[in-house]
Amino acid sequence: MTNVLLVDDRPENLLALEGILEPLGQNLLYAQSGEDALRQLLLHDVAVILLDVQMPELDGFETASLIKQRERTKHIPIIFVTAISKDEQQVFRGYSAGAVDYVFKPFNPDVLRSKVSVFIELHEKSEELQRQAELLKEQELAELRRESEERYRFLAESQPDQIWTATPNGELDYVNQRAVDYFETSFTEMVEAGWTNVVHPEDLPRRLERWQRSLDTGQPYENELRLRRADGSYRWHLTRALPMRDRRGSVVKWFGSNTDIDDRKRAEEAQRFLVEAGATLGGSLDYRSTLASVAKMAVPRIADWSRVDMLEQGRLRTLAVQHVDPAKIEFALELARRYPEDPDARRGPPNVLRTGESELVPEITEDRLAELAVDDFHLGLVRELGFQSYMCVPLVARGRVIGVISFVSAESGRRYGPDDLALAEELARRAATAVENAQLYREVEERAQAARVLETVGDGVFLVDGEGIVRLWNRAAEALTGLRRDDVVGRSAEDVLPVWDHLAVRVPVAGAPGPASAETLPLELAGRERWLSISGVGFDEGTVYAFRDITEERALERIRQDLVATVSHELRTPLAAIYGSALTLARDDLELEDALHDKLMEVIVEESSRLADIVNDLLVASQLDAGRLEVHIERCDARALTEAVIAAARTHLPEGVTVELDVGTNDLPLVAADEGQLRQVLGNLIDNAVKYSPDGGDVRIRLERSDEYVRFRVSDEGLGIPPAEHGRIFEKFYRLDPHMARGIGGTGLGLYISRELVRRVKGRIWVEPNDGQGSVFYVEIPAAAESEAGRKLRIEAGAGS
Ligand code: ADP
C-alpha cells in the first residue's frame with residue numbers, strides 16, 4: 001500500500017479529503033500543521049502530499065520549501081489545496097515552492113482523485129523500477145560472485161601448492177586437485193577425513209594446538225609439518241591459513257595452503273648435519289669412534305642406513321653400520337656373514353675404494369638391479385630391507401682412498417639426487433680431514449713422545465747425519481759433556497766433539513737396530529778425565545750415538561779389584577802370623593822359653609781377633625747391603641760407653657800415640673742409639689785416628705751437647721785427609737791409599753759401616769781437617785727423650801733450688 005499525506009489545519013477539510021480519496025484504497029496519513037507534516041515524512045515513505053496553503057505558523061509554501069530541501073523527500077509530488085489564493089502571484093509562488101499541481105476549493109472530487117491516483121501510480125511505478133533495478137543488481141552480483149568463485153577455484157587448482165578451505169569451526173570443506181593427487185585419495189574422502197591421518201605423528205600435537213589457537217583467536221595459522229605422501233614418504237610442508245571475515249568481522253571461512261618446503265628443509269637439515277658432524281669430527285682424535293658417531297648422526301636425518309668402511313691392512317673393514325632398528329642391523333650383519341661382500345664388486349664400497357669415484361643410484365628398481373650386477377649380499381639388502389636409493393662416497397686422505405661412506409634410503413622412500421651426493425661428498429671430505437688430522441696428530445705426538453723420552457733418558461744421545469752434522473743433542477748429553485746444545489747442534493761433529501775422530505773410527509755402527517756393542521773411551525772434560533761407554537746405530541738419516549758416563553763405575557770396578565787384593569792381604573797377614581806362631585808352638589824339637597811361649601800365644605789371640613774384626617766388618621757390610629741389620633735403639637750413657645771404648649783402645653796403643661777423653665759438661669743427656677753399634681762406630685774412629693797417626697800424636701775425644709744431639713769429636717794429628725776426599729772415604733771399600741804405600745792396612749769398610757750405622761739412628765757423621773795437622777771426625781747422635789722419672793727428678797730438683 002502506498003501512503004498519501006493529507007495536510008490541513010482544519011479537521012473538517014481533512015475529513016472531506018479522506019472522503020474523496022478513500023476509494024483509491026491507499027493508506028491515508030494526516031497532518032494538521034506544517035511541522036506535523038514534516039514529522040510524518042520522517043516516519044513514512046509517501047507517494048504524494050496534499051498540502052493546504054493557509055495554515056497558521058508554517059504555511060503551505062514554507063512547509064513545501066522545507067520538504068524540498070530534504071534529500072529524501074524532495075522528489076515527493078506536492079499538490080497545493082487552497083480556497084483563496086487564486087491570483088497568479090500565489091499560483092506562481094506555489095509552483096516555485098515545488099508544487100506539481102494546484103487545486104482550488106471547492107474542488108471536483110473526481111478530478112482530485114484522478115490527479116492523486118496518477119501520482120500514486122507514478123510512485124508505484126518508480127518503486128517497481130527501483131525494485132527491478134535492485135533485482136538486476138543482485139543478479140549481476142550473483143553472477144560476479146560465481147565468476148569470482150570460479151576464478152578462485154581455477155586459481156586454487158592451478159597453484160603448485162595444496163589449497164584448501166575450512167569452515168569457521170575448522171572443518172575441511174575443500175581441497176584442490178593437487179592435494180588429492182599428493183595423498184592419492186578422493187576429494188570426498190579427503191574432506192571427510194581431514195588432516196589428522198596424513199600429518200606426521202610427531203608433528204600432529206603441534207598442528208592441533210596451533211590450529212585450535214587460530215580458530216579461537218581468528219589469528220592467521222602457520223606451521224611447518226610433514227605430510228605423508230601416497231607412497232608413504234613424508235615431505236615437509238609449510239601450511240598457512242587466513243580467515244575471511246564478514247562485515248561484522250566474524251570469520252566465515254578459512255583459506256589455507258600447504259607449500260612443499262621439503263627441499264629447503266632438507267638443505268637446512270643437511271647444513272645443520274654438516275655443522276654438527278664437523279664439530280664431532282673435529283672434537284676427537286679417535287677417528288674410528290668419531291666416524292662411527294657420524295654414521296649414527298646421519299640416521300635418520302639424511303639416510304635410513306649408513307655405513308663406514310675403512311681400508312685396514314689392504315682390506316675394506318666395516319667400521320660402523322647404522323639404522324634406527326637394531327634388529328635390522330643384526331639382520332644386515334647376518335646377511336654379510338652369510339654372503340660376504342664381493343671385494344671385486346663392480347658397484348658399492350669396493351668399487352668406490354678402487355676407483356675413488358662417488359656412486360649415486362637415485363632409484364634401485366628390479367631392472368636396475370640386473371644392470372648393476374650386484375652380489376648376493378646386496379641383492380639380499382635390496383630385497384629384504386627394501387633399499388630404494390643409495391650413494392657411496394670415498395674418504396680421500398693425502399691423495400689416497402682410505403675408506404668409503406655409504407648412505408641408503410629404504411623405508412623413508414627418499415630418492416637421492418645430486419644435492420644429496422654433494423652433501424655426502426662434503427661430509428666425506430670433512431671426515432677425511434679429521435682422519436688425516438688424527439693421524440698427523442698421532443705421528444706428531446709419537447715424535448714428541450720420542451723427543452721427551454730422549455730428553456729424560458739418562459744416557460747422552462746424539463745424532464750425526466750423513467754429512468757429519470750433529471742434528472740432535474739431548475739434555476743428558478749436555479749434562480754429561482758440559483757441551484751446550486746450541487753450541488753443538490747444526491755444526492760439524494768433527495769441530496765440536498773432542499773425540500770425534502777417534503769415535504768415528506772406533507765406534508762400530510750397527511746397521512740394523514738392536515744391541516750395538518759399546519766402546520769405552522776416555523774424554524777430557526773440564527780438566528777431568530771421564531770415561532764414556534758409547535755405541536752407535538746407523539739408520540737412513542745418519543747415526544744415532546748413545547753414551548753414558550762410566551767413570552764412577554770404572555773407579556768402583558778398580559776399587560773392587562783393589563779390594564780383593566787388600567782383603568786378601570789383610571786376611572793373609574794375621575793368618576800368616578797365627579800360622580807361624582802356631583807352628584812354632586807345635587814344634588817339639590824346640591824348647592821355648594815361657595816368655596816366648598806367652599808372646600806367641602798373645603800373637604795368636606791378637607791376630608785372631610783382628611781376623612774376627614775383618615770378617616765381622618765384611619759381615620756387617622753385607623748385612624747393611626741386604627738391609628738385614630737390626631737396630632735396637634735404647635737410652636745409652638754416651639760417656640760411660642766412650643770411656644769403655646777408650647780403655648779398650650789404650651790396651652794396644654803404638655808408641656807415641658796418646659788417647660784422651662775430654663767431657664765438656666756434666667749435664668750430658670742420654671742418647672738414643674743401639675749401644676753395641678755406637679760402640680763399634682766410636683771404636684772404629686778411634687782405631688783409625690790411632691792407625692793413621694804413624695808418627696804418633698794426640699788423639700782427643702771430646703763429648704759435648706749440641707742442641708738435640710750429643711756430639712762425639714775424635715781428632716788426631718796424623719796423616720789427614722785431602723778435602724776433596726772427605727765424601728768418598730765414607731764409600732764402601734774406598735781407601736786413600738789402596739796399595740798401602742804407607743803400610744797401613746785396612747778394608748775400606750770401617751767408615752762406610754760407621755756412616756750407615758749412624759744414619760740408622762738418625763745421627764750424622766762427617767770429617768773436617770784438624771787445625772794444623774790431622775783430621776777431626778764428628779758424630780752426632782740424637783739425645784734420648786727424657787724418661788718420665790728423669791724429668792720428674794729434674795723438676796723436683798729445680799723446684800727445690
Ligand atoms: P780402612 O781404615 O780399613 O782403610 P776406613 O773406612 O775406616 O777403612 O777408612 C777409609 C779410608 O779413610 C782409610 O783407608 C784412610 O785412607 C782414610 N782415613 C780414615 N780415617 C782416617 C784418619 N783419621 N786420618 C787419615 N785418614 C783416614
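Predicted model: local features only at pLDDT ≥ 70, side-chain atom pairs only at ≥ 80, totals over all residues.

Residues are numbered from 1 along each chain as its sequence is written, and side-chain values use heavy atoms, with hydrogens and water left out.

**The five-stranded sheet**

- Five strands, in the order β23-β25-β26-β28-β27, form an open sheet with mixed pairing; strands (E, at least two residues) and helices (H or I, at least four) are DSSP runs numbered from the N terminus, and two strands pair if DSSP finds at least two bridges between them.
- β23 (657-663) and β27 (764-769) stand at the edges with a single partner strand each, so one side of each has no neighbour in the sheet.
- From one strand to the next the twist averages 15°, where axes are lines fitted to C-alpha atoms, for helices over the stretch in contact, and angles run from 0 to 180 degrees between N-to-C directions.
- β23 and β25 run parallel and are joined by seven bridges, and Leu661 has Ile701 in β25 as its bridge partner.
- β25 and β26 pair in the antiparallel sense over seven bridges, with Arg713 in β26 as the bridge partner of Arg702 and Tyr709 in β26 opposite Ser706.
- The hairpin of β25 and β26 has two residues between the strands, and in this hairpin Asp707 takes a positive phi near 50°.
- β26 and β28 run antiparallel and are joined by seven bridges, and Phe712 stands opposite Val779 in β28.
- β27 pairs with β28 (residues 775-782) in the antiparallel sense over six bridges, and Pro769 stands opposite Ser775 in β28.
- Helix α23 (residues 675-691) packs on the sheet, touching β23, β25 (697-706), β26 (709-715), β27 and β28, and its direction makes about 25° with that of β26; contact here means heavy atoms within 4.5 Å.
- Five of the seven residues of β26 are buried, so this strand is largely enclosed by the rest of the structure; buried means under 20% relative accessible area, exposed over 50%, and partly exposed in between, with a 1.4 Å probe and protein chains only.

**Nonpolar cores**

- The largest nonpolar core has 48 residues, and Phe712 and Ile781 are those with the most contacts inside it; such a core is a set of buried Ala, Val, Leu, Ile, Met, Phe, Trp, Tyr and Cys residues joined through side-chain atoms within 4.5 Å.
- The largest share of this core, seven residues, comes from α23.
- Apart from this core lies another, of 35 residues, among them Tyr287, Leu319, Ile405 and Ala431.
- Leaving aside residues up to four places away in sequence, Ile781 touches residues including Val671, Leu678, Tyr709, Phe712 and Val758.

**Helix α14**

- In helix α14 (residues 376-385) the buried residues are Phe377, His378, Gly380, Leu381, Val382 and Leu385, and they pack against β11 (305-312), α11 (326-338) and α13 (366-372).

**Cavities**

- A search of the whole structure finds three cavities of 30 Å³ or more; on a 1 Å grid over the protein atoms alone, a cavity is a set of points where a 1.4 Å probe fits but cannot get out, and lining residues have an atom within 4 Å of a point.
- The largest cavity holds about 120 Å³ of space, where grid points are joined across faces, edges and corners and a volume is the space filled by probe spheres set on the points.
- Of the 13 residues that line the largest cavity, Phe462, Val499, Leu523, Leu532 and Ile534 are the closest to its centre, and β19 (519-525) and β20 (528-539) each supply at least two residues of the lining.

**Backbone exceptions**

- Most residues other than glycine have a negative phi, and most peptide bonds are trans.
- Val299 and Pro300 are joined by a cis peptide bond with omega of about 0°, and Pro300 lies in helix α10 (residues 287-301).
- Glu57, which is not a glycine, has a positive phi of about 60°; Glu57 is found in the loop between β3 (46-52) and α3 (60-69) and is exposed, with a relative accessible area of 69%.
- Glu184, also not a glycine, has a positive phi of about 50°; Glu184 lies in the loop between α6 (177-183) and α7 (187-193) and counts as exposed at 65% relative accessibility.

Technical notes: 1 Å grid on protein atoms, 1.4 Å probe; cavity = no way out; pocket = protein on both sides within 12 Å on 5 of 7 lines; lining within 4 Å.
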